[in-house]
Every structure is written in C-alpha cells, then in structure tokens.
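My entries follow in the order I looked things up.

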Amino acid sequence: MIDWDPLILTFKLALVTTIILLVISVPLAYWLAYSKSRIKPVIETLVSMPLVLPPTVLGFYLLMAFSPGNAFGSWLNEWLGIRLIFSFSGLVLGSILYSLPFMVHPIQSGLSSLSPSLLEASYVLGKSKRTTLFKILLPNIKPSLLTGIVLAFAHTIGEFGVVLMIGGNIPEKTKVASIAIYDEVEALNYGAANTYSLILFAITFIILLAVYLTNGGYLKRFWK
Amino acid sequence: MIELNIHKTLNATQGKMVLDVKLHIQKGQLVTLYGSSGAGKTSILRMLSGLLQPDKGKIEVKEEPWLDTTKKINLSPQQRNIGFVFQEYTLFPNMTVRQNLEFALSKTQDKSIVEELILITELKELQHRKPETLSGGQKQRVALARAMVQQPEILLLDEPLSALDLAMRIKLQDYILKVHQKYQLTTILVSHNISEIIKMSDQVYCIDQGKIERHGTPLEIFTNNKVDSELKLFGEVIDIQKEKDTHKVSVLIGTNLVHITAQESEVKTLQQGDTVIITSSAFKPVIQKVQP
C-alpha cells in the first residue's frame, strides 16, 4: 500500500496554517475594512500578491531570506535556534503567506458588507471596539469566517511550488501529498500516484461541498 | 442642559455645505430639528454623540465639556452618556430582542432596568424573537428600549418613524412621549412630519443649508400666528374632490378621516400630502364623553 505519512503531514500543515491564519487575519481584515490610512492600498496589494504570483517566486525569496548562508537566516539560526529551510516550521510560514488572501478576503468583504451604523450603535451604547468586534461583527459574518477557514485549509492542501522550494522533499518532515504524487509519477508508480490523487480529490470536494451547503442554507432546510 | 456651538464643512450631495449651528436646549424639553433632507440635521445629532468630528466648536452638557476644539477636549462616543435611535433600526441581528437590551447594559449595571423597559415598551411577547422576524414598528420599539438601557439623560432620535405607516407612527410617538416623560429626558428629534412635530415637541429649530433659520414653539413656526380660535386640528390632505360649487377635502387627523367642505379659493393652494390646520371660529364645538 501507499505511505500515509505525506497525507498526514499535509493535513497537519493545513490545520496549523489555518489556525494561525485565522488569528492573524481577523485583525488584518478589520484594519483593511475600516482603515482610511494612505498605506492601505499597498497592504491590500501585498495581501493579494500570492493570488497572481507563481508560488515558486514566493518560495524562492523565502529560501533566499531564510538560508543560513545569509545574515538574516544565520541570525535566526544562531539566536533563536529556528531553521526555516527544509523544516516543518518553514512550511508553515510559507503556507501562511501563500494562503493569506484566501483567509483575509472573505473576512474583509464580510465586514465591509455590514452596515456601519451597526458599529456606531454599539459605540453609542458605550461598547469598545474590541467588544464590538467579538460580540457584534464576527457573529454576524459567520458565513464569511467559514468560507475563509475552509478556503485557506483547502488551498494549503493544494500547494506545491512554495513547499517544494522551501521545504524540499524530506520524508516525514516536508514531503507533503502533492509532492509525493509528483515523486510517484517520476518513479512511474502510477498506481500510488492515483491513490494519493484520488484521496486529495475526494477530501477537497467534500470540504468545499460542505461550505456551499452550509452557506447556501441547504442544510438548514434539510434538517427542518 | 445642552450648549452646542459647532462648525463643520460637509460634503453634501449638492457640493460643499458649511454647517454652523448654535443650540441651547433646556433640561426636560423635547426639541425637534426640522428641515429638508441634506440640511445637516443628522450631522448635528452625530456630532453631539461623537460619531462625527466638527472642524471647530464646543459642546457642553450639564456644564461638563464634551468637546472643545480650542482645548483639545473630545470625548469618544463611548464616554458620552446618550441614547441614540437611528433611522435604520440597527438592531444586532445575531441577538434576540432581550439580548439586544442586555448587551447595552454597562458592566456594573443591575439587570432590572431591562425588565422595566420590556414592560414599558410592551416587548414581553417579542423578547425571545430575532430582529429579522419583527415588523418595522416593533424593531424601532426595541431600538428605543435599547437606547434607554444605560439610562441616559439625553435621547437623540434620527427620523425614527419615517419608515413606518401612519398607525404605527402614532403608536410609537406615544411610546417616545411616555419614555421621555417617565425618565425626564432631554430629547432631540429629527423629523419631517409637521403633525408629528406639533404633537410631540416643545421647541422647533428650522434648519436650512446648515444654518438655523428660525426657532420657536411648533405653533409659532407652523401657523402664521394669525389663527386665534379654540379648535385647532392638524392633519394631512388625503384627497380633494370637486363637487358642484364647492370642494370636498378629505383630511386625515390622527387615524380619523374627516371630510371638509371648502371653497375654490381655499383649495387653490392645497394638494395631496399637504399638512393643514383646521380651525373653527364661527361656531362653538360640542364636546361629549364617548360611552365605552
């Protein structure tokens, strides 16, 4: 049978990435939705870059930045003991950057679609911005949050270029399912490649279907 | 109670407009800001509540400065104790009616005020419903109750009744008056509706292009001061029909439709939707108790 490690690694990576992304993206999306700052277009552009940039470009620059052969990489290595190249933490960092727009965009557009008077109503009731965010804004954009979480998760499962550049192909450490498929094809093991592919296909299909069913209200109707 | 003197350049739909307003409002009064849309009425409420920043000016409430641009004093909306009812209902969709009210409680506050307000605004039946299942009038009743939870001394109402039908409007006017009197509020209402203003307010400020044009009691403002009789009814023209020599004008007074015979000369300036005053000086009106 096939080696299950790449699949387990893939889902571990997707889970860790999604959790960290959620924590980062809520404040970032909040700022993007409400700020009138002049540098906002620049930040928006940077967040959206991974949508259009070839993943190998992102991977290449991360590789350059974190390589122990240069100042920053060696500083990280010597002072913090972190090696981001060819390691799981490096993969997580790469995936966070690569999937950032998939988490930030749905949350940002969810927040923008809420009426601004909802915030104002909360402020005149004496509630802080923080309370308003957690008690009013986030509960009212649950579909957007779900979309962001699932897209980021599914997108991380599907990444290849960034992972290959920064993580290489080390079994049990950085060899994720998408790379394993490539490996098996290279070795002419079409059967194993097919098994991996089918599993990824089925899981991503089910995840996305679940989102569309939930956000479209089909499940609610079904249960009633 | 409220001393307000503010100056702000607004980007209105018809280009730039300078809002320059001085208000002096006494405790316990219900004051109306009246004027066409875009005159700056809502902006005044927003600046009083801290949601909008004036370019320069001063706001003092009970001799305590809320805003003073020369001294760089500017309290945030959270620090200003006011109740605000918005034109669109702004209930929090993720909470039930009761949760909406409870959310408004401050940390140290006793919950009993929520029960009291639910009683006064008759929300007991609706308390566990979500806002999306309520009618416009019900939503605005909840918004009114929610604005009162922190027991502010000032209540700001930004055209709260404009989206409601007449019967609902009259009912809500009564709720507002009830709350205004019970909690001895100082209330500022923005309204277009003359009969509503006459029914509810002590003072009217007419605002045009960001300036106060006139101010006085509703009767001083909306009648030409020439009327001097015992019977005065305000209503809205619903229909004008020509009959042989005269005209039959249908006027809605409160919820009653009244037909009044009028001469050509009287009808000339009238059209549907006008607010009119009906007086009688030639005969003595008869008053009788209605048997229940």
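Which side chain meets E122(B) in a salt bridge? I found K178(B), with an N to O distance of 4.0 Å. I note that the model is predicted. A salt bridge is counted within 4 Å, so I list this pair at 4.0 Å as one. I then looked up where the two residues sit. E122(B) is in the loop between α3 (112–120) and α4 of chain B, and K178(B) is in helix α5 (residues 166–182), 56 residues apart. E122(B) is partly exposed at 47% relative accessible area, and K178(B) is also partly exposed, at 36%.

**E153(B)**

I next looked up E153(B), which is in the loop between α4 (136–148) and β8 (154–158) of chain B. I found it in a salt bridge with K27(B), at 3.9 Å from N to O. K27(B) lies in the loop between β2 (15–25) and β3 (30–34), 126 residues from E153(B). I also found E153(B) in a salt bridge with K62(B), at 2.8 Å from N to O. K62(B) lies in the loop between β4 (56–61) and β5 (64–68), so this pair ties together parts that are 91 residues apart in sequence.

K27(B) is exposed, with a relative accessible area of 52%. K62(B) is partly exposed at 49%, and E153(B) is partly exposed at 31%.

**Other salt bridges**

I noted a network of salt bridges that links R98(B), E102(B), K111(B) and E115(B).

**Interface of chains A and B**

I counted 1 salt bridge between chain A and chain B. R46(B) and E120(A) form it, at 2.8 Å from N to O. In chain A, α6 (116–124) and α7 (129–137) each supply at least two residues of the side that touches chain B. The largest share, 7 residues, comes from α6(A). I sorted that side of chain A into 7 nonpolar, 6 polar and 4 charged residues.

I found 17 residues of chain A in contact with 21 residues of chain B. The two chains bury about 1600 Å² between them, with 64% of it on carbon and sulfur atoms. I also have 8 residue pairs in polar contact across the interface.

**Chain A overall**

I looked up the secondary structure of chain A and got 12 helices and 0 strands. Its C-alpha atoms fill a box of roughly 65 × 55 × 30 Å along the principal axes. Of its 224 residues, 44% count as buried. Chain A exposes about 12000 Å², and carbon and sulfur atoms supply 70% of that.

Notes: Residues are numbered from 1 along each chain as its sequence is written. Chains are lettered from A and ligands numbered from 1 in the order in which they are written. This is a predicted model: local features need pLDDT of at least 70, side-chain atom pairs count only at pLDDT 80 or more; totals for chains, interfaces and linings use all residues. Side-chain values use heavy atoms; hydrogens and water are left out. Contact means heavy atoms within 4.5 Å. Buried area is the accessible area (1.4 Å probe) that two parts lose on being put together, summed over both. A polar contact is a pair of N or O atoms within 3.5 Å; within protein, one must be able to donate a hydrogen and the other to accept it, and residues adjacent in sequence count only if both atoms are side-chain atoms. Helices (H or I, at least four residues) and strands (E, at least two) are DSSP runs, numbered from the N terminus. Ala, Val, Leu, Ile, Met, Phe, Trp, Tyr, Cys and Pro count as nonpolar, Asp, Glu, Lys and Arg as charged, and the others, Gly among them, as polar. Buried means under 20% relative accessible area, exposed over 50%, partly exposed in between (1.4 Å probe, protein chains only). Accessible areas come from the Shrake-Rupley method with a 1.4 Å probe; for residues, only the protein chains shown count as cover.
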